[in-house]
Amino acid sequence: MTTVSTDRGPHHRSAERRPEDALAADVLRVMRPDGSLDPAADPHLSDAEVLALYRAMVRTRVVDERAVALQRQGRIGFHIGSLGEEATIVGSAFALRPQDWLFPCYREFGAALLRGLPLERYFDNLFGNAGDLAKGRQMPDHWCDREHKLGSVSSPIGTQITQAVGFAWAARLRRDDVVALVYFGDGATSSSDFHNGLNFAGVYRTPTVLLCRNNGWAISVPTERQTASEGFASKGAAYGVHGVRCDGNDLFAVVRACRDAIARASRGDGPTLVEALTYRLSGHSTSDDPKAYRPEGEVARWSELDPIERLRAHLVARGQWGAPAEAALHAELAEEVRASLAAAEKKPAPALASMFEDVYAEPPWHLREQREALLAGPRAKGHGG
Amino acid sequence: MAQMNMVQAINDALRLEMKRDDRVVVLGEDVGKVGGVFRVTAGLYDEFGDERVIDTPLSEGGIIGTAIGMALYGLVPVPEIQFADFIFPAYDQIVSELAKYRYRSGGEYPCKMVIRTPVGGGIRGGHYHSQSPEAQFIHVAGLKVVCPSNAADAKGLLLAAIRDPDPVLFFEPKRVYRAAKGEVPEGDYTVPLGQAKVVRPGADVTIVTWGAMVYEALDAANKASAEGVECEIVDLRTLWPLDIDSVVASVKKTGRLVVVHEAPRSCGLGGEIVSLVNEKAFLHLEAPPVRVTGFDTPFPYTLEMEYLPLAHRILPAVLATAKY
């Protein structure tokens with residue numbers, strides 16, 4: 001009987017998440033340290049596209065920081081952001097074609113904004129007001145938007161994975177050229193839905209892109225406590241699902257990896273598990289203080305790989321960007337945020353009676369009874385109408 | 001009219017609806033080539049092919065999770081869970097996702113399917129092939145729950161459920177799958193969800209029940225009749241939203257209520273029915289409402305016929321209520 005050691009030594013077991021991981025040989029990278037692009041992997045974005053994506057990433061961060069401030073001021077109850085993960089989120093959403101669908105986790109409002117969710121609607125969701133597409137029924141950042149082919153955010157981890165696989169499977173059964181891209185974090189790879197989703201995707205060769213945002217942490221638990229395997233993309237092999245790792249802080253690498261995966265799915269070659277190596281620069285959410293569990297030095301080292309800084313350096317090297325453009329962009333975004341926020345914050349809460357709508361297509365007798373009792377009670381006056 | 005048992009009637013409904021609506025897809029463990037472990041989907045694979053009658057990996061969570069995705073795409077999935085006892089790996093997908101999709105998305109994403117699954121004891125299946133978990137699904141907002149007692153209702157209720165805009169759990173009482181034989185209308189018809197049926201009129205005691213226990217109630221009612229007590233039996237058919245008007249109308253007539261179900265007593269649907277009757281017909285009651293149910297134990301193997309609320313347990317409850 002042979003004993004196989006699975007211990008890869010203290011380096012592997014280190015609690016510290018090292019930026020070097022994102023530079024490993026098997027990780028797809030396009031941007032070089034000097035800001036130039038590797039021609040072998042370059043997705044060949046136009047100048048206008050790169051500028052639009054830079055704008056979208058900065059917009060995501062500006063909105064993110066504003067949402068944190070709103071929570072700190074007590075104007076919203078909660079926010080879960082994407083600080084440091086903007087290239088992964090914006091680049092992957094950009095790679096989708098108009099007919100493709102996106103199944104969010106809960107950290108991808110930047111993808112929703114890129115696909116066309118109006119900023120005011122996003123703020124409506126943060127306030128849970130009458131303008132919220134989810135009618136104020138979910139926490140902030142649990143949005144949905146059918147018009148822009150954005151699924152509905154759920155808090156339980158990983159549930160969207162099997163759903164995205166089923167959705168893409170249905171498209172394939174109907175002979176429609178539609179790909180579903182689903183986001184999840186490294187923690188979700190421990191869920192039964194990850195297993196179920198990968199397994200069904202592999203068996204039925206569904207046109208699904210399974211995008212794992214490996215940001216190093218699941219609230220306070222590091223990647224090493226989610227898996228003993230070397231990364232997550234390799235898990236695809238056991239399911240017959242193609243796996244790739246990309247530098248998630250390299251916009252071009254994310255676009256390239258996702259475009260390849262979408263093309264593969266579209267031509268009938270099945271699903272791809274894309275592992276984007278990135279880093280959660282913030283806490284898990286506004287309810288979390290990461291100082292309690294992770295070393296400051298780790299954050300500092302990953303900040304040097306900030307995806308927005310890297311893309312800006314590239315744009316500067318290309319001669320497409322400078323301080324005046326940066327200042328103008330921030331001024332424009334500040335005004336957009338101010339106006340959208342002001343409009344959203346003015347809106348009333350959802351009407352009291354709306355609590356009973358959409359449980360079923362039509363409210364049955366017991367919900368009608370409960371609604372009538374509430375509307376006849378002391379809270380009926382002055383709440384929402 | 002044709003003579004059919006419940007297995008044949010459900011099969012007939014599935015075939016009819018799959019012909020009528022090409023969005024209907026059946027998926028589950030062993031539902032394809034072999035036609036299901038109870039043969040409910042027999043012949044459908046040959047008729048509709050492997051893209052509409054799909055043998056899946058052995059994973060209830062995967063079946064329901066992917067079926068939700070299919071429903072969001074616009075298909076009408078009718079997944080089968082081989083035994084209701086095996087449904088719990090899919091519980092999160094059913095209660096947190098399927099049941100909540102329409103609500104949590106503000107109506108952006110209605111999500112409907114019919115989950116078929118055999119329930120109930122009396123087949124020597126032990127704990128993991130015998131349970132009746134209806135209350136665990138009724139308690140979470142957003143689901144409809146159906147449990148037919150006979151072949152004609154099974155067909156009409158299943159057709160209604162597949163066409164319903166909301167997610168439906170369709171519980172099939174496996175003990176009477178083949179025993180519940182009767183006339184089943186040919187072709188298309190529906191039995192509306194939310195409507196109970198009085199299967200035996202009577203003036204003295206109301207028995208509310210469903211599924212396989214309808215037959216035990218009928219047996220007890222015949223024996224009670226010999227002792228001069230006439231039972232009215234209300235077969236709920238749809239467990240949620242339940243037909244409270246029919247229950248209350250019957251109790252107002254008899255003044256006495258016995259609820260019979262296989263599931264454990266505490267926090268069971270019987271408790272809810274008794275509460276509703278207390279709220280809506282208290283002054284008509286001549287006796288305290290009584291529950292005759294499974295016990296608050298796991299479902300036993302050897303002693304299953306002592307666990308089940310069979311006629312020999314229903315009869316004394318009926319007589320005591322009548323004499324109260």
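B:Asp164 is buried, with a relative accessible area of 11%; buried stands for under 20% relative accessible area, exposed for over 50% and partly exposed for the range in between, with a 1.4 Å probe and protein chains only. The model is predicted, so that local features need pLDDT of at least 70 and side-chain atom pairs count only at pLDDT 80 or more, while totals for chains, interfaces and linings use all residues; side-chain values use heavy atoms, with hydrogens and water left out. Residues are numbered from 1 along each chain as its sequence is written, and chains are lettered from A and ligands numbered from 1 in the order in which they are written.

B:Asp164 forms a salt bridge with B:Lys144, with 2.9 Å between the closest N and O atoms. A salt bridge is taken as a side-chain nitrogen of Lys or Arg within 4 Å of a carboxyl oxygen of Asp or Glu. The pair ties together parts that are 20 residues apart in sequence, because B:Asp164 lies in the loop between helix H7 (151–163) and strand E7 (168–173) of chain B and B:Lys144 in strand E6 (residues 144–146) of chain B. Helices (H or I, at least four residues) and strands (E, at least two) are DSSP runs numbered from the N terminus. B:Lys144 is likewise buried, at a relative accessible area of 11%. B:Glu17, B:Arg20, B:Arg163 and B:Asp188 are joined into one network by salt bridges that share partners.

Over all chains, the structure holds 46 salt bridges. In one of them, A:Arg75 pairs with A:Glu345, the closest N and O atoms being 2.7 Å apart. A:Arg75 is placed in the loop between helix H2 (47–72) and helix H3 (86–95) of chain A, and A:Glu345 in helix H12 (residues 323–345) of chain A, so this pair ties together parts that are 270 residues apart in sequence. A:Arg75 counts as partly exposed at 33% relative accessibility, and A:Glu345 counts as partly exposed at 33%.

A further salt bridge links B:Asp22 with A:Arg174, whose closest N and O atoms are 3.4 Å apart. This pair joins two chains, because B:Asp22 lies in the loop between helix H1 (6–20) and strand E2 (24–28) of chain B and A:Arg174 in the loop between H6 and strand E3 (180–185) of chain A.

When residues up to four places away in sequence are not counted, B:Ile94 touches B:Ile64, B:Ile87, B:Ala99, B:Ile115, B:Phe137 and B:Leu143; contact means heavy atoms within 4.5 Å.

In chain B, five strands form an open sheet of mixed pairing in the order E9-E11-E10-E13-E14, two strands being paired if DSSP finds at least two bridges between them. Strand E9 (197–200) and strand E14 (290–294) of chain B stand at the edges with a single partner strand each, so one side of each is left without a neighbour in the sheet. Neighbouring strands of this sheet are turned by 25 degrees against each other on average, direction ignored. Axes are lines fitted to C-alpha atoms, for helices over the stretch in contact, and angles run from 0 to 180 degrees between N-to-C directions. Strand E10 (residues 205–209) and strand E11 (residues 231–235) of chain B pair in the parallel sense over five bridges. B:Thr206 has B:Glu232 as its bridge partner in E11(B). Helix H9 (residues 244–254) of chain B packs on the sheet and touches E10, E11 and strand E13 (257–264) of chain B, its direction making about 155 degrees with that of E10(B). Helix H12 (residues 311–323) of chain B also packs on the sheet, touching E10, E11, E13 and E14 of chain B, and its direction makes about 170 degrees with that of E14(B).

Most residues other than glycine have a negative phi, and most peptide bonds are trans. The peptide bond from B:Trp240 to B:Pro241 is cis, with omega near -5 degrees; B:Pro241 is found in the loop between strand E12 (238–240) and H9 of chain B. A:Lys149, although not a glycine, has a positive phi of about 55 degrees and lies in the loop between helix H5 (119–127) and H6 of chain A.
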